[in-house]
Amino acid sequence: MADIQSKFTIVDAGGGVREFVLPVGATSIGHAEDNDLILPGAEVAAHHAQVLCDPRGCRLVDLGSTYGTRINGREISPNVARRLRPGDVIEIGAYRLHYEGPAAGYERSGPAANGLSPKPVHLKEGQAMSPSRRQTILLWIVGVLGVLVALGILGIAAWLLVLKPQPAVPPAVATATPTLVALATDTPVPPSPTPTLAPPTATPTKPLPTPTAQVPPTETPAATVIAMPTATPAPPIVPTATPTARPTQIIYPTPTFTPYVPPTPSPWGVINRATANVRAGPGTIYPVIAQAVYGQYVLLLGQSADLGWLYVQLQDGRLGWVAAYLVNRSPALPLPIVPAPPPPPPPTPIPPTFTPTPRPPTPVPPPTSTFTPVPPTATATPTPYPCSIPLGAPFASAWAGTVRSQLGCPSSPMVETWTAVERFQRGMMFWREDQRMIYVIASDMTWRKYVDNWIEGMPEYSCPDTPPPGLVKPKRGFGYVWCNQPGIKELVGWALEEEYGITTQYQSFEGGEMLRAPDTSIYILFRSGLWQRYP
């Protein structure tokens, strides 16, 4: 039988379709770049699942992912191999993988164990026979054969013991050896009558004549002759037991299973702030020897004893220490403890070079009183603040007037957090670190807000579009929204510059939000989806 190629037909959330041919062996699936089949998405783990294929078919193993794996709508147990059948639909995150490959009930090729060749299994079109069903059929066949053999043995034994005709036994010839017994008596004994022969034990087929002995009368003691015939018994017939044939045991080959070997974690880390100081030792007491910028890769060589600092190598070869929270890295990467260098000596105080000479104060004449009383002016009574949550100082001026009636009171205190900013042809994007939210503010006076679904390890660019000369294609979280959210690409156009980071302020209100732009202007975002700028 010709081998059937195993493959997946992959349908993503946007309706795109592509095929992935499954090789013999292990195929890893996840959003990390070291997987064989990369599926970007927030609901896809870095190493989500694994497919194990051999010439008989494929099995799927979920590697303990957060969101799980479903086959035909039913979630499978983690770390348990599940046999795939043609037509199975595997759901991983927003992806649907349609399996095509050999069925589980295939015909075995080549000689079977012990030189026996099993009968071929005939399957209907699209039907697959499981190993358990095949084993059940073989057990039924062996059982029926055993019953037939037992019935045959019982029939042979009954024929030998009951129905088989017995051979004719030749008549036993009685050989009588006459024994003379002399009885002494004083009384004359009359002539004895004809002696009587004892009948033999075996029944003769023809009657034998009875011999008659004539004894003349005498006066001597009479002797009685008694003939004792001896019968020769026929030998008994002992039935011969026929040995019972036992069915030959069929030995099936043991399937080989390739254990899962997790991929080696990457030794590189990525700077996650606009700038990060690289110091000569693990602490702020050490001097700054260099600076790394957002998105820069550093080689991880070790960590401090308190695990708060990482010993790294920059791309120009320099070595130094960076605070651990400033670097994104794989948690599975083991790092050795690197001893800290000696702390720098404290600065030596420099004595003053001169001692100032105090001068006597110059006498100043007392001022002449020129006070003119001014009548007091009436001051307006300030209007009390009507809200229970304080208003952030940067938003006080923008909140006054008509905006106050539209936004209402603050619903949470003002927050200051790290923010990424990128300008576009027809708008701007803001990424808020504390909530991992992306704000899209378009020049048509509308705004939108999305959850940042891009995570480290996913492709930096989420679509293959090529920007025109002088323009930039957004990447990372901005690029994921720009490529995957319907209409955003056409709404804001291409980016005018690369994204950059600032620290800015946000505050939520009953009717919307406010955020402070890099030029200190205030964006007022109404809950209706419209916005305005102050001033």
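Which cysteine does a disulfide join to cysteine 387? Select cysteine 409: that is the partner, with an S to S distance of 2.0 Å. A disulfide here is a pair of cysteine sulfur atoms within 2.5 Å. Cysteine 387 lies in the loop between β20 (327–328) and α2 (396–399), and cysteine 409 in the loop between α3 (402–407) and β21 (415–424), so the pair ties together parts that are 22 residues apart in sequence. The link is left-handed, with -75° about the S-S bond.

A word on what you're looking at: this is a predicted model, where local features need pLDDT of at least 70 and side-chain atom pairs count only at pLDDT 80 or more, while totals for chains, interfaces and linings use all residues. Residues are numbered from 1 along each chain as its sequence is written, and side-chain values use heavy atoms, with hydrogens and water left out.

Now zoom out to the whole chain. You'll find five helices and 28 strands; helices (H or I, at least four residues) and strands (E, at least two) are DSSP runs, numbered from the N terminus. Of the 535 residues, 31% are buried, where buried means under 20% relative accessible area, exposed over 50% and partly exposed in between (1.4 Å probe, protein chains only).

Next, pick cysteine 53 and cysteine 58. Their sulfur atoms sit 2.1 Å apart in a disulfide. The torsion about this S-S bond is about 110°, so the disulfide is right-handed. Cysteine 53 has a relative accessible area of 9%, and cysteine 58 has 0%.

The last stop of this kind is cysteine 463 with cysteine 483, another disulfide, with sulfur atoms 2.0 Å apart. Cysteine 463 lies in the loop between β24 (447–451) and α4 (476–484) and cysteine 483 in helix α4, so the pair ties together parts that are 20 residues apart in sequence. Both of these cysteines are buried. The count for the chain comes to three disulfides, and they follow the pattern 1-2, 3-4, 5-6, with bonded cysteines counted along the chain.

Time for a sheet. Show β2, β1, β11, β10, β7 and β8: in that order they make an open sheet of six strands with antiparallel pairing. Strands pair if DSSP finds at least two bridges between them. At the edges are β2 (17–21) and β8 (74–75), each pairing on one side only. Look between β10 and β11, which are joined by four bridges, and you'll see isoleucine 92 standing opposite tyrosine 95 in β11.

Which residues touch the most other members of the largest nonpolar core? Select Phe8, Leu39, Ile90 and Leu97, out of 21 residues in that core. Such a core is a set of buried Ala, Val, Leu, Ile, Met, Phe, Trp, Tyr and Cys residues joined through side-chain atoms within 4.5 Å. Beyond four places in sequence, isoleucine 90 has contacts (heavy atoms within 4.5 Å) that include Phe8, Leu60 and Leu97.

Finish at glutamate 513, in strand β26 (residues 512–516). Is glutamate 513 buried or exposed? Glutamate 513 is buried, at a relative accessible area of 9%. Its side chain makes a polar contact of 2.6 Å with the side chain of tyrosine 439. A polar contact is a pair of N or O atoms within 3.5 Å; within protein, one must be able to donate a hydrogen and the other to accept it, and residues adjacent in sequence count only if both atoms are side-chain atoms.
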